[in-house]
Amino acid sequence: MTEINIAWYKIRPKYHESIITWFLQFCAGVSILVTLGIVFILGKESLLFFREVSIVEFLTSTKWQPLIEEFGVLPLLNSTLTTSFIAMAIAAPLGLFVAIYLSEYASERVRNILKPILEILAGIPTVVYGYFALTFMTPLLRIIFGQNTVDIYNTASAGLVMGILILPLVTSITEDALKAVPYSLREASYGLGATKLEASWTVVVPAAFSGIAAAFILGLSRAIGETMIVALAAGAGPNFTFNPFEAAETLTGYIVRISGGDISYNTVDYNSIFALGLLLFFITLILNIISRKLVKRFQEVYD
Amino acid sequence: MSNFKENVETRYKISNLWNVVFTTATVISVFMLILLLLNIINGAFGYVAIKNTIEPTELINSGNLDELNEIQLIELLESHLSRGLIRRFNFEKPLKERSNTELMNLIFERIIEPRIVKSWNLKESILEKNSILHYAEKELPGAHIQFRAWLNSNFLIGSQASIPELAGIRTAILGSLMIILLTITFAFPIGVGAAIYLEEYSVDNMFSRFVQVNIYNLSGVPSIIYGLLGLAVFVRGMEPLTSGAMFGYGDPTTTNGRTVLAAGMTLALLILPIIIINAQEALRAVPQTMRQASYGIGATKWQTIWTHVLPHSMDRIMTGTILAVSRAIGETAPIVVIGASTFISVDPSNIFSKFTTLPIQIYQWTSRPQPEFRNIAAAAILVLLILLLAMNGFAIFTRNKISNNRRSN
């Protein structure tokens, strides 16, 4: 009797447990498959694209006109950077200030009200921000700067609204970084007679610097990959311009517009969106890796 | 000494000044949210000017259709509508068998055909009511002004139409719901499985570290890249599967892979990293003593996970999943890239159907120049936001309740 029990204990659980382990390992492996899939697909289609178009032309030409076979990425990249930097010009200072307020100044009660509000702001779909940019921000800009200077579609409006979009992200990571600074540092600073501002600005912020930088870089990466706001508000048609009040299509905006129509496979158009996707993937990946390295650094210092 | 005191005073002044700056920054961010919501409400309600295509007075002198009997009503219909249309109505239900009210509704919809010729948003409607009425009297003779909620029951249950006031979002809501169900079906088991592997099984080796870094990087990949992946792999590469041709669905010459199934799988990949990260945090929050107690009474590893770890962390896993799913509901870019049909009036019936979703409709309607389409875009946004708010609210509420319970224990 006891022997049978021991046999049951030894054999049966091990048998199906190993299947479960294999299944769970497969689940974890899926994420690697996704990455490999992304790299493979983007790489393969881009190779087909670069068979037709030279990489040098792709990276240096200032004209993107597929109809006459001009494939220079600069106009698209330029407007992507324009919108992203406008977004960061809004989100970086505002995000830092809100984070300082939440972490250093706000009482527990105020924080409990404000944090869910920021979470709501972060949960609103980007297409809604696109609607906001087109129906509120653009008319506002046109009233302020005049109908003639500001186009109906422009990168300034898209960038400003994108700033509001990434504000909660920047705020929450910055706040985490500020919170991670040990309380003893603040107390030491107060002990030397510092005011609240001096303690925050000369002690806490520098101590959390790597975390804050990580937040900014992650925000920038998010802004570069952002699609719906620019697709709705920044305009259709590549345009190499440094004027934020002109319409100019971004990388993501172009991909969405081209694939939104009925695109036929195995054409240069089809391959071109993958080449742009590859560029986008690399830019955001590098920014994300830098940001992650920085986050790790501030975790290591204070844990 | 006096110098020092002065110095202290200015320092505190500066400190207080910045306090105001920080507070203002926070107020501005909250104000943005309010502005965003007000702007949407502003678009979803307001006065409209309605003009009849044919005035009732042109049909009958008194302009009052109630005076007519059945035969006269049918005569009116036959004289104003094409023969083909009359034949279609007769086919649906013979005109002679229809009641007077039904006939009058038909005349109203088909002959009088009231159409919105101009719309105003809510702000104008409240603040400039008189000038709107004045303008309508002068510029739009024969039109009457009416307050309209663009978000109404017809809008919710109606199907797609090319005229904004007749368009509805039933098809889009059904499309969104079907895709989300598929997304959860794919992403939840795989995501939780991966999290269990990483937290409970894996030792700190190259593979698990690589998977972990990989998941963090995937969570930062722009959503449009997932769209490209879905386009190349699910829509094009797996076309026989995603179009349903493999299972004999649809006409093989016209079907393609741009279906609910392809969209569901694409979004599943998109939210997979978020679900894994959230589930990992949930599993990490389970106290180690729980597992040791289970091992102590002789449970195996999987028995411990299934009977102790998972039940104890399921609430948090669900909360994390709801947050991830609500992100998927609002995603637009990847779905546009894999090619949702923009004009589709047939409800999706199975996973191999063509589809449209709420965000796609919002995108389409917003990008049209006519202001009436912006109005219905605003109404659709309200529907989407209410849906999301309900889900997020539920998730945040349960999370707070759980953390409160844990604290009091």
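Tyr201(B) lies in helix H9 (residues 170-201) of chain B, helices being DSSP runs of H or I with at least four residues and strands runs of E with at least two, numbered from the N terminus. The model is predicted; local features need pLDDT of at least 70, side-chain atom pairs count only at pLDDT 80 or more, and totals for chains, interfaces and linings use all residues. Residues are numbered from 1 along each chain as its sequence is written, while chains are lettered from A and ligands numbered from 1 in the order in which they are written.

Tyr201(B) is classed as partly exposed because 16 other C-beta atoms lie within 10 Å (buried, 20 or more; exposed, 12 or fewer; partly exposed, in between; C-beta atoms placed from the backbone). Beyond its neighbours within four places in sequence, Tyr201(B) contacts Thr21(A) and Leu24(A), a contact requiring C-beta atoms, placed from the backbone, within 7 Å. Its C-alpha atom is 8.7 Å from that of Lys301(B), 100 residues apart along the chain.

In chain B, three strands form an open antiparallel sheet in the order S2-S1-S3, where pairing requires at least two DSSP bridges between two strands. Strands S2 (114-119) and S3 (144-149) are the edge strands, each pairing on one side only. Six bridges join S1 (residues 45-52) to S3(B); Tyr47(B) has Phe147(B) as its bridge partner in S3(B).

Chain A is assigned domain 1 (2-52) and domain 2 (60-302), with bounds from an automatic or database domain assignment. The centres of these domains of chain A, taken over C-alpha atoms, are separated by 35 Å. Their contact takes nine residues from domain 1 and eight residues from domain 2 of chain A.

Conventions:
Contact = placed C-beta atoms within 7 Å.
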